[in-house]
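Here is a short walk through one protein model. Keep the sequence and the 3D view side by side.

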Amino acid sequence: MAARGALQRSAVAPAGRHSASLVFLHGSGDTGQGVRAWIKQVLNQDLSFQHIKVIYPTAPVRPYTPMGGSLSTVWFDRYKISNDCPEHIETIDSMCQELTGLIDDEVKNGIRKNRILLGGFSMGGGMAMHLAYRYHQDVAGVFALSSFLNKNSAVYQALMKNESELPELFQCHGTVDELVLHSWGEDTNRILKSLGVSTTFLSIPNLYHELNKIELEKLQAWILKKLPEKANAE
């Protein structure tokens with residue numbers, strides 16, 4: 001396992017005073033720079049803000065079972081790409097510890113936990129839900145694009161015992177996603193809602209397993225709602 005805090009990362013600095021941070025986790029086989037470039041292609045510009053730093057870490061290379069054990073940049077291993085199998089909890093938990101180092105770095109730089117958002121695309125969104133709802137329930141919110149949790153996820157088990165206020169979840173999913181089925185995203189949202197999470201679920205018509213401008217613009221608006229620019233940030 002890589003040393004804590006050793007994750008490679010690409011970042012978009014805020015245009016003004018840094019008062020909040022956002023961690024965007026890529027999908028399987030991608031990199032931080034790769035998903036940043038994809039977003040830039042879709043929006044015709046970086047996902048950038050006056051006061052929010054956007055951080056794109058890259059997952060370490062590890063053997064990935066759905067690819068026959070070939071090496072890939074993935075946040076954790078899966079037994080298969082399905083919502084109806086056990087989670088590979090050992091790799092999920094070790095990555096939660098590594099990503100905690102990244103959150104700690106932001107806190108050391110003066111950013112409060114309630115001014116940090118966690119999220120991602122596909123596997124990155126699943127990773128963000130584990131990280132926030134099991135280890136960092138005091139972050140500002142969570143977003144998950146084309147993502148899901150397994151039916152008996154450790155996230156659900158953790159929330160069954162929870163009594164504190166939970167971060168809000170913003171989820172988007174393409175209706176014709178052929179890799180991560182729309183119904184898997186819907187089920188994840190429904191179960192989290194039943195466990196006390198305040199959720200938004202946006203179905204994007206005719207969208208496959210990809211990002212598009214409509215969802216990224218809606219995500220931008222939600223980010224600004226959760227992390228407003230402080231009046232004293234000037």
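Predicted model: local features only at pLDDT ≥ 70, side-chain atom pairs only at ≥ 80, totals over all residues.

Gly174 stands opposite Ile204 in strand 9. Helix 5 (residues 182-194) belongs with these strands: strand 8, helix 5 and strand 9 make a right-handed β-α-β unit.

Next, the helix packing. Two packed helices are described by the angle between their axes and the distance between the axes. For helix 2 (residues 89-108) and helix 3 (residues 123-135), the axes come within 10 Å and cross at roughly 75°. Angles of 65 to 115 degrees count as roughly perpendicular, so helix 2 is roughly perpendicular to helix 3. Helix 2 brings Ile89, Ile92, Asp93, Met95, Cys96, Gln97, Leu99, Thr100 and Ile103 to the contact. Helix 3 supplies Met127, His130, Leu131, Arg134 and Tyr135. By type, the residues of this contact are nine nonpolar, three polar and two charged.

Now the backbone. Most residues other than glycine have a negative phi. Ser122 lies in the loop between strand 6 (116-121) and helix 3. Its relative accessible area is 10%. Buried means under 20%, so Ser122 is buried.

Ser146 also needs a look. Its phi is positive, about 60°, although Ser146 is not a glycine. Ser146 sits in the loop between strand 7 (141-145) and helix 4 (154-160). Ser146 counts as buried because its relative accessibility is 1%.

Definitions and conventions
Residues numbered from 1 in each chain as written. Heavy atoms only, no water. Pairing = 2+ DSSP bridges. Helix = DSSP H or I, 4+ residues; strand = E, 2+ residues; numbered from the N terminus. Right-handed = clockwise from strand over helix to strand, strands pointing away. Axes fitted to C-alpha atoms, helices over the stretch in contact; angles between N-to-C directions. Parallel < 35°, antiparallel > 145°, perpendicular 65-115°, else oblique. Contact = heavy atoms within 4.5 Å. Nonpolar A, V, L, I, M, F, W, Y, C, P; charged D, E, K, R; others polar. Buried < 20%, exposed > 50% of the residue type's maximum accessible area, 1.4 Å probe, protein only.
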